[in-house]
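Hello,

Here is the structure I promised to pass on to you. Please have a look at it first, and then read my notes below.

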Amino acid sequence: MSTPSHPTPAQPSDRPAAGRPGLTRRSLLGAAAVTAGAVGAVGAVSGPAAATDASAGAAPAGASLGLPGSLARQFRAPGLATAAGFRWWWPHGLVDADEISREVSRVAAAGFGVLEIADVTHSLNARDVDVDLDQHGWGGPTWKAGLVAALTAGARHGVRIDVTVGPSWPASAPITPDDEAACTELAHGQVLLAPGETFTGTAPDPEVEPASGAQARELVAVQAFTIAGYGRRDTILLDGSLVDLTPSEENDEITFTAPADAEAVVLSYWRRGSGQEPEAGPHGSPVFHVVDHFSTAGSDAVKALWRDRVLDAETTRLLRKAGGYLFEDSLEIETDATVWTPRMLTEFADRIGYDLLPWLPAVVELDEKYPFSFDTDVTGAVRDDFNSVISDLYRDHHLLPLQAFARTLGMGLRVQPYGLETDALEHSALLDVPETESLGFKNLDDYRMQASGRDLAGGTILSCEAACYNGAAYSTTWDRALTTINSIMVAGVNQSVLHGFAYASAPGATWPGFAAFSPYYNGAIGYGEAWGPRTPQWQHMPDVAGYLSRTQLVLQSGVSRHDVVFFRQKGYASTGIGATWATNDGVPIGWSHSFITDNVLDRPEVRVEDGRLAPDGPAWKAMIMTPDFFRGGGLLVEPDAAERLLALGRAGLRVVMLGDWTQAQPEGVPQAGETARVRTAMTGLAGLATTRVVAAAADIPGALADLGVERDVVHESSTLMHLRRHVDGADLYYLANAKHAENRRLQVVDADVWLTSDDAAAVPVLLDPWSGATSPISLWERDGGRVRVHVTLQPGQSAVVALVPARAQGAHAVSTTGSDVRSRPAGLSAVVEEAGPVTAVLASGRTVRGVVDRVVAPLTPASWRLEVEDWQPGATASETTVTTHEVSLDALAPWTGIAGLEDVSGIGRYTTTVTTPEDWGGTDRARLDLGAVTDTFRVWVNGEQLPACDRLDTVVDLGGRLRAGDNEVVVEVTTTLFNRLRTVTPEVYGVGTRQDYGLLGPVSVVPYAEVALR
């Protein structure tokens, strides 16, 4: 039966549902009863006793259990300081101050703590919406009023407001393509000559036409080269055949004759503005163009933009009060020619030490490909030197000046410092907050690259533009999002900026409102997701937000610790090129690793103490030197870096060298004496007693063992990964059943895991980021400084285990014939799945016992009553109406298989009765196995709402909440909007397949017993 409701201008998820069960809090001690269902069972397996009994009983409710006091308090109630956030899409300045304030308050109420104002309007431009950019463009009157409203509301609600350095990306300013500050390209022209053929004329025009508005050009050089041959994709030039034909004036005539026995090419090089605009422009009046990211003029233009259009007494005050970071997206400099800057030749000579002009063909590009190379091995070396200069110019003339400018506003700089072949590791060590992205990064080593720079420099945050998927607008599930986020967190990410939260409306937007990339993104479904009150899942967002906030708190506490560090010639990110041996073989059995490049070896943190490199940070136990996989596998190292590595080795750093590094070469084109310096240093390093040389990657673990290097975490090969943080005497282990790359498949992890602590007497504690509960682990084993626990994690799921100083912890068991052991105020109890006697062996060797008279057989609900809120378009694009459907079900099925619900999106509430035996009680407990659920869910039992449920584990521990006889169980499920949008906007979303929504099951209540051990 369907009942239409009145249109609701407010978002439907803001209103409470009539008759919804209320929320009750449980004590931290009681949380132990739901541990297995909430974050995976964590306990210990049988093994020899290695410790004596501690005092009997469990820690009192709310106790820190040995965690640092501030961490324990924040974990229970994390607030917004460590909360996740959103990229906040604005339709230029087409925003209303009151609506801005409402959106900030809604984000805060849902438990998120960051909003990044981003003028991203791809979907608007696709519809050719006419916008008055003088009034509504970036930095215009309405945009600035919106900024004031956002900062004011952010200060009121505790939400940090970040602001992009300009509209969309890359950084831009209202300048012309010919402006000194504009992005520059080097375009080449060419004339091919047959043997003996003569060219006469002016310098050849560029192969690529200039961009609209790029009028000026400057001839840099004209050269001729003999052609040695042709490769698959390029023309090979004869090294040493250069003839300089550069005229004194652009229009001067040039004459050149090719050799009688070989072809030749005449090349011209023209500097001109690239004309690149920020994505989906125009964004302002006059038109914005991308600035030169490699010159001071470019960063000065960005600062001038802020001073001219944004900063006044009010905005400056508010930015200091509520502003967080200026933000810039990835370095997407787009040109069909060569990335350039006016002072490149001078900068190159000053920084590298030789003239680039003779080797210019090696670095010119056409459609992002190299059309020329030389017939010697100089080509790759020149390209390395060129990219090194680009990286340094980006650092010196863009990142550092903008960071200094941000700090004058009381803010910091958050940047995605990749997109070209730049040293993102070095830049991550310099930035206030480096950022990554889950869309563009190919595997977890891409994140580890930037986390390494942050960790080395003592930084705290590695941010991520998270959970962005192509073609997933309004169909992104939290199953997918959490699997991504949990995986990247194990690689060092500890702040998620979700992609994204959209302002409510915009001209031409269709229901459910404005979104930056959807609909009509290149005629297809856009990037997802547009989170917010417009989506049914927002109803459950406080649960997800709490989980993310607590997890990020753990991962922002203390310092990261890793086993080994890989010396890398290049700090490129977003490449997918991982660490030799570690990625495929070491990580699956517990090894952890980072990266280091020559550009950071001279940092003060890079020192050796007690055999550890960077002892105040990652405290690496050994360095592994591998070939340069970006440049043909050469053994390459800068001369200064080689000598620095030798000094570190002499100071006690253990080193494994893959290959014969005594024959190493300098990176780039060797200058006089550099090859000898490199080989002398590498020969010295190879000869140290703390160095091992191996011929193959498979020999690396044997070399580490020979050096006495052991991993902190030990387990059988699986997809389990970890990140260790050390804080105030405690070791925090974030454990995740993680995807190394998005396309990897995961299986359930069910493993014994040995965890290392600096404190040989440390004891394990379980932290549940979903509920905020902290509980002692009561089934574990010690072996020296290691503790063995058992971890069960579903695909994508995570858990947090802390090893803390032993205080008033209760007794613990090292083995049991039951399935787990728990701590209770009166002592230990055993979790038992079958009737009969149960025993547990304590650390002292004493055996304790209990008896279970019976365990009730699983109970299957006979029927369900389903009430569905059907979300549909209202009177305007941002309004939603709700129609209620009520259905009786004898068997669970996806909504697509229930008559009348095939195209429904919204919120469903499933109600059933579970009848237990009349003598239920005493030792009886139960778990609720929900089977498959799409998407988020909440559970009530007899009117009591259970703590937040882990979306990735649909087995929920009910503990002792069931009573004898009839029990009402309610499961509330939210969906995406995709199925409804297939009917509302079929020309876009109709190409997609319906999603299976709802509680799919099979559902069962699985009783177990919990019996006291004596």
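Which residues of the largest nonpolar core touch the most other members? They are Phe112 and Trp306, in a core of 225 residues. A nonpolar core here is a set of buried Ala, Val, Leu, Ile, Met, Phe, Trp, Tyr and Cys residues joined through side-chain atoms within 4.5 Å. Buried means under 20% relative accessible area, exposed over 50%, and partly exposed in between, with a 1.4 Å probe and protein chains only. Helix H10 (residues 378-408) gives this core its largest share, twelve residues. Helices (H or I, at least four residues) and strands (E, at least two) are DSSP runs, numbered from the N terminus.

Before going on, please note that this is a predicted model: local features need pLDDT of at least 70 and side-chain atom pairs count only at pLDDT 80 or more, while totals for chains, interfaces and linings use all residues. Residues are numbered from 1 along each chain as its sequence is written, and side-chain values use heavy atoms, with hydrogens and water left out.

**Helix H7**

The 14 residues of helix H7 (residues 296-309) should span 20 Å at 1.5 Å a residue, and the end C-alpha atoms are 20 Å apart, which agrees. The expected span is 1.5 Å times one less than the number of residues. Buried residues in H7 include Ala297, Val302, Lys303 and Trp306. Their cover includes strand E6 (160-164), strand E7 (172-173), helix H8 (313-322), strand E16 (323-328) and H10.

Thr484 sits in helix H13 (residues 478-489) and is buried, at a relative accessible area of 6%. Leaving out residues up to four places away in sequence, Thr484 touches Ser438, Tyr469 and Glu742.

Pro512 belongs to the loop between strand E22 (495-502) and helix H14 (541-555). Pro512 is buried too, with a relative accessible area of 4%. Although 368 residues separate Pro512 from Thr880 in sequence, their C-alpha atoms are 7.3 Å apart in space. Beyond its neighbours within four places in sequence, Pro512 is in contact with Tyr474, Arg534, Ala877, Ser878, Leu977 and Leu981.

**Rings and charges**

Rings of Phe, Tyr and Trp (its six-membered ring) pair if their centres lie within 6.5 Å; planes under 30 degrees apart count as stacked, over 60 as edge-to-face and the rest as tilted. The count by this rule comes to 27 aromatic pairs. Phe86 and Trp538 have ring centres 5.9 Å apart and planes at 40°, so this pair is tilted. The pair links distant parts of the chain, 452 residues apart: Phe86 is in strand E4 (residues 85-90), and Trp538 is in the loop between E22 and H14. Phe86 is buried at 0% relative accessible area, and Trp538 is buried at 6%. Phe441 and Tyr447 also form a tilted pair, at 5.0 Å centre to centre with 50° between the planes. One aromatic cluster is made of Trp88, Trp90, Trp138, Trp143, Phe288 and Trp306.

A charge sits over a ring if NZ of Lys or CZ of Arg is within 6 Å of the ring centre and within 35 degrees of the ring normal. Arg383 lies over the face of Tyr370, 3.6 Å from the ring centre, and Arg927 lies over that of Tyr1008, at 4.3 Å.

Best wishes

Notes: Contact means heavy atoms within 4.5 Å.
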